[in-house]
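This briefing sets out selected features of one protein model. Please read it alongside the sequence and the coordinates.

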Amino acid sequence: MNVSRLQAERISGGVAATLPHDSARKHVTGKAVYIDDMPEPAGTLHGCLGLSAVAHGRIASMDLSAVRAVPGVVDVLTARDIPGDNDISPTGRRDEPVLAETNVEFFGQPIFLVIARTRDAARRACRLAKVEYEEQPFVVDIDGLDPRNGRLVTPPLTLKRGDAAGAIAGAPRRLKGRMRVGGQEHFYLEGHIALAVPGEDQDVTVYSSTQHPSEVQHMVAHALGIPSHAVTVEIRRMGGAFGGKETQSNQFAALAAIAARKHGAAVKIRPDRDDDMTATGKRHDFLIDYEVGFDDDGRVLGVDYVYAARCGFSADLSGPVTDRALFHCDNAYFWPAVHAVSAPLYTNTVSNTAFRGFGGPQGMAGAERVIEEVAFAVGKDPLDIRKLNFYGETDRNVTPYHQTVEDNLVGRIVSELEASCEYRSRRRQIDAFNANSRWVRRGIALTPVKFGISFTATHFNQAGALVHVYTDGSVHLNHGGTEMGQGLYVKVAQIVAEEFQIDIEQVKVTATTTGKVPNTSATAASSGADLNGMAAQAAARTIRGRLADFASTRYQVPPEQIEFRPNRVLVGNQEIAFAELVKQAYEARIQLSAAGFYKTPKIHWDRDKGEGHPFYYFAYGAACTEVSIDTLTGEYMVERADILHETGRSLNPAIDLGQIEGGFVQGMGWLTTEELWWDDKGRLRTHAPSTYKIPLASDRPKIFNVRLADWSENREATVHRSKAVGEPPLMLALSVLSALSDAVASVASHKICPRLDPPATPERVLMTVERLRREAAG
């Protein structure tokens, strides 16, 4: 290593460095290897799922002879061919079969699997099955169901603090209403895929596009009836996931493994986009009933919520999703008295699942609706009502689940953004514009985000990592987190580089595999860097400590005179290249490999009582959005968005900014253009890009200003005092919905709350405009 390199004052790519994603160049050049790009083993077979054609019923007969007769078809598997447990329910409720046996509970439920020599043959053969059903009554929509007495897929949650009913009854002013919040398709660029390769004895290796390799490992083992040690699950990268690959990967992996073990050949399953969208879960849509009591100034005195969710035919993750919706029914606001109940309702639809925010966005939508209703009722700017009801810093700081908010930054964030985006002057300009514009109206809104960070299932808040240092000074890093485009790998590599004080080019992150780090948690809940970063840091510090002890002993200097400097180590008065010290340590038989482990402290949760400290800390942000709408067509444009978001001491500002921008646009899609629609036969009709509209590049705000709060520092002892950034930015898009509502309200001189429900499609905007005009005139 040359002298100038040794004398460099800073390492390349340490913590807080602005680095691109480690695979960015591969992404844009098409060189990133996803599972479908991997060379297929000789003789690889291909699977295609046969899906049910009714929403609810009993399978009376299933004739698969024509399917088996198709040239190239090797086998057709049904529930009878599952050697182990025909269940992949992630919560152990035994309500989600790998393949339906006698009953089907939603249109598109997998009932058989075709195995063929080509993917095309498997797909064509699937269509030839002759299945007869005894159809039964079905329920697709939750509108009309009784949330307090309807059939539930999992027990509900109740949060309460104070006497909400009494506070509402005694309030000077009261109102109630209902809000419908739509669901959302994940629309990951890479669909679900699994490639199973059988090994010797009972072994099988599964390459699965999953956020939760350990759960896939366990589900495959259960379905095969073998121990978990016989199953290895590996994933280098996913082409997007957003929560849709937390549990939904289990089915494809289990079926591929079953077929691979039966036929002694590799089996790949990659469903079409239509089948993927039909057979896999989505973001839960909600019906939110609310009642609020408040005073003449607009201060909320008490709220009562019922959050009813369309969960589908099985529990999946609906319990924790609806729990988290309640956890965020306050957003950034202090409700002096609150009562909130969840209702995870059964429907004959695909089981809804995790999606970025995990119920938090729907919970916040209910909070923002209450604020908007109160603002219209007292005739004030919604921003003023928001600020009036913010959590306090020393009082008014206890959540509905009895956790004290100790790190409240919402006031500072909102005040800074309000000033920097010139909210007040733009509000006046918009009012003047609307007064003189007959057809086009503008709106503006500034909304906050307070999002709790941790898995609410406390036991998931743990992580492991494995670090090897080789004799040339290069480092191998493996951890339980998965890379889905969010930049986790590069962040954790930066943490390890920082610990050893070596350039990041010396750190190699390898594919996540259950064979290296066991019993991992899903990469979800925005906790990937928090958990895996701390585990990797712990492993690196163990090795660094061994190196320091070795150097102290060998060179006879006290430990306090050992200092790791950029790519070198100061030992007393001499500097030794990092690689040279490593080589010396190896020759002295010093262990240069370590496992690291981390568990989040301080958190606890008693679900039965509805009390605890479920979140380690909160992440804060705010967004101000300006829109224009055409009141003749309902079409609209997002003219400008200003965002201020805090990520503590950012591990990588470039990655964090990308997450904020992407999260905002994805949230905007959920709240505006993305609409799921089932017909009267229970069929999902929005199952392809032709019928399901995600935001285009042209839909992004014309002016898009995004800043990190560079003054922020996590008060909790997270890795380098950073904060999570995966999920919180999505909820910044609530400002888009509120701005659209503000524009719509202008047609009735802001006298009537529009109650604009998401998704605020152009049709819904137009219908709301027309309704407000009628109400204002009548």
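Y391 has a relative accessibility of 5% and therefore counts as buried, the limit being under 20%. This holds for a predicted model. F334, with which Y391 forms a ring pair, has 10% relative accessibility and is likewise counted as buried.

**Aromatic pairs**

- A search of the whole structure gives 16 aromatic pairs.
- In the pair of F334 and Y391, the ring centres are 6.1 Å apart and the planes meet at 65 degrees, so the geometry is edge-to-face.
- F334 belongs to the loop between α9 (318–327) and β15 (338–346), while Y391 belongs to the loop between α11 (382–388) and α12 (410–420), so this pair ties together parts 57 residues apart in sequence.
- F615 and F618 also form an edge-to-face pair, with 6.0 Å from centre to centre and 65 degrees between the planes.
- Both F615 and F618 are buried.
- A cluster linked by ring pairs contains F327, Y401, W605, F615 and F618.

**Charges over rings**

- R151 is placed over the face of Y346, 3.6 Å from the ring centre.
- R283 has its charged end over the ring of W670, at 5.0 Å from the centre of that ring.

- Strand β9 (residues 194–198) runs antiparallel to strand β10 (residues 204–208), and five bridges join them.
- Within this pairing, A196 is opposite V206 in β10.
- The hairpin of β9 and β10 has five residues between the strands, and D201 in this hairpin has a positive phi near 55 degrees.
- β9 is also joined to strand β12 (residues 267–269), by three bridges and in antiparallel fashion.
- Here A194 is opposite I269 in β12.

**Helix α18**

- Helix α18 covers residues 734–745, which makes 12 residues.
- From first C-alpha to last, α18 reaches 16 Å, close to the 16 Å expected at 1.5 Å a residue.
- α18 is mostly covered, with 12 of its 12 residues buried.
- Among the buried residues of α18 are L734, S738, D742 and A745.

**Backbone exceptions**

- Most residues other than glycine have a negative phi, and most peptide bonds are trans.
- The peptide bond from P758 to P759 is cis, with omega near 5 degrees.
- P759 is in the loop between α18 and α19 (762–777).
- S454, which is not a glycine, has a positive phi near 155 degrees.
- S454 lies in the loop between β16 (440–453) and β17 (462–469), and its relative accessible area of 4% makes it buried.
- R721, also not a glycine, has a positive phi of about 60 degrees.
- R721 lies in the loop between β29 (703–708) and α18, and at 28% relative accessibility it counts as partly exposed.

**Overall form**

- The protein has 19 helices and 29 strands.
- For 778 residues, a compact globule would have a radius of gyration near 28 Å, and the 27 Å of this protein agrees with that.
- Taken along the principal axes, the C-alpha atoms fill a box of roughly 90 × 75 × 50 Å.
- Of the 778 residues, 62% count as buried.
- Among contacts between residues at least 6 apart in sequence, 80% join residues at least 24 apart.

Conventions:
Residues are numbered from 1 along each chain as its sequence is written. This is a predicted model: local features need pLDDT of at least 70, side-chain atom pairs count only at pLDDT 80 or more; totals for chains, interfaces and linings use all residues. Side-chain values use heavy atoms; hydrogens and water are left out. Helices (H or I, at least four residues) and strands (E, at least two) are DSSP runs, numbered from the N terminus. The expected span of a helix is 1.5 Å times one less than its number of residues. Buried means under 20% relative accessible area, exposed over 50%, partly exposed in between (1.4 Å probe, protein chains only). Two strands pair if DSSP finds at least two bridges between them. Rings of Phe, Tyr and Trp (its six-membered ring) pair if their centres lie within 6.5 Å; planes under 30 degrees apart count as stacked, over 60 as edge-to-face and the rest as tilted. A charge sits over a ring if NZ of Lys or CZ of Arg is within 6 Å of the ring centre and within 35 degrees of the ring normal. The radius of gyration is taken over C-alpha atoms; the globule rule is 2.2 Å times the number of residues to the power 0.38. Contact means heavy atoms within 4.5 Å.
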